[in-house]
Amino acid sequence: MQARLTASDLACRRGERLLFRGLSLKLSPGDVLHITGENGTGKTSLLRILAGLLSPYSGEVSHEGAIGMLDERPALDPDQPLGDALHFWQQVDGCADASEAASAMELDALLEVPVRYLSTGQRKRAAMARLLCQDAPIWLLDEPLSGLDDRSQARIAETLSAHAESGRIVVLASHQPIAVERLNVFTLAEYVV
Amino acid sequence: MIWPLVKRDLRMLLFGGRRGGGAMLPLLFFLAIAMLYPFAVGPNAPLLAKTGGGVLWIAALLAAILPLDRLVLPDVELGLFDQLKLRGVTEEVVMAVRLFAHWLSFGPLLMLACFPAAALLNLDGETLRLLLLGLLAGTPGLAAVGLMIAALTAGLRAGAALSGLLLISLALPILIFGAGALERSDPATLGFSAAISLLLVAITPFAAGAAIRAGREG
């Protein structure tokens, strides 16, 4: 099955405030979409709407293929050693080998360290390893580069490129520029009310 | 996909980790009340035997309040429910698993603790039997009410204090019939307690699941 993600005429309202409206997207295999916009324009809300975690005020979202999401919450138990925390998701996702994903994110030396002792960047990479293990064709990433050093940023960019090249979809919201081929930039400000 | 979740919930609720407490905290609290009560009313063995069963029921109810603030909120903050939802595990299933784990982490342990507590309070064998049967019927309901409240109040300011108040109010029917069985020794009284528990266990995954979903929209 080929991954697809379509949104039509989306509007998002948070509290009494209408964040954006009239937003439509159509993403096909291999697409990488970089959503940009100032703080508070609704980037995170848009990603959550696309993921089906938040209801849009109006409009519709449809997708073919599983969705994997990375946001500021790594969903890894803080008390557990990283290896065990990843192992939980490995079991849930039926992933054959979580160590491969951990190696890809250079986490081998940290597998015995409880998640709560990891730095922000290490946690971000750990969450990325969880996402790799999930093997979902559509990735929705909220600030995947924040807290990462240059080397890790380059590694994430490579991972995203590889994901897109294998005929899958990446949508990321970030303030930082990212070097990924076939990148389309989508400025949310154009839809802000 | 469900079994890893059951294991994780049991580990979290039994051992607690940095979230604090685990299953030991309600257990020690329950035993502490059983130990303090004779000091408070004096060493009057007939009085202790007459009132001890009721005191242990109140102790069980209060002990059920203790795990509430770490039952749902830490996992909302962790993003666990969102990640499970993306994998097609509904909130209802997650809450049903948690209800099972929550009850296992305090119900059977409280029943075990009834043995030393009964010795401290000079309870006779028949009272202990009725107490254990009452708790067996009532603690799943207490766990269900607790989980429902924890899901509803996750993210509210002063949620922990509110949880306690709500649990005391909503658990009243379980207490009335569960503790009532000690006096009346009537199987119907225990049956009522079990029926209320069953109803609460049946609706809790749906109510708590709806609360988690509503929390996302907030």
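**Notebook: two interfaces in a predicted model**

I began with one pair: the side chains of Asp77(A) and Arg11(B) form a salt bridge, 3.4 Å from N to O. I keep in mind that this is a predicted model.

**Entry 1. Chain B against chain A**

I asked how many salt bridges the rule finds across the interface of chain B and chain A. The count came to five. I then looked for polar contacts between chain B and chain A and got 11 residue pairs, both partners at pLDDT 80 or more.

Next I checked which elements of chain B touch chain A. Helices H1 (2–15), H4 (73–78), H5 (80–86) and H10 (187–217) of chain B each give two or more residues to that side. H5(B) has the largest share, with six residues. I sorted the residues on this side of chain B by kind: eight are nonpolar, five polar and 11 charged.

I also took the totals. The contact joins 24 residues of chain B to 25 residues of chain A. Between them the two chains bury about 2,200 Å², with 52% of it on carbon and sulfur atoms.

**Entry 2. Inside chain A**

I turned to the domains of chain A. Domain 1 covers 4–66 and 136–191, while domain 2 covers 74–119 and 129–134. Their centres, taken over C-alpha atoms, are 24 Å apart. Seven residues from domain 1 and six residues from domain 2 make the contact.

The two domains of chain A bury about 620 Å² between them, 61% of it on carbon and sulfur atoms. On the domain 1 side, Ala136(A), Trp139(A) and Arg155(A) supply 63% of the area buried against domain 2, more than any other three residues.

Arg155(A) came up again when I looked at charges. Its side chain meets that of Glu106(A) in a salt bridge, 3.0 Å from N to O.

Which elements give two or more residues to the side of domain 1 that touches domain 2? I found strand E6 (138–142) and helix H5 (150–165) of chain A. H5(A) gives the most, with four residues. By kind, this side of domain 1 has four nonpolar residues, one polar and two charged.

Conventions
Residues numbered from 1 in each chain as written. Chains lettered and ligands numbered in written order. Predicted model: local features only at pLDDT ≥ 70, side-chain atom pairs only at ≥ 80, totals over all residues. Heavy atoms only, no water. Domains from an automatic or database assignment. Contact = heavy atoms within 4.5 Å. Buried area = accessible area lost by both parts, 1.4 Å probe. Salt bridge = Lys/Arg side-chain N within 4 Å of Asp/Glu carboxyl O. Nonpolar A, V, L, I, M, F, W, Y, C, P; charged D, E, K, R; others polar. Polar contact = N/O pair within 3.5 Å; in protein donor to acceptor, adjacent residues only side chain to side chain.
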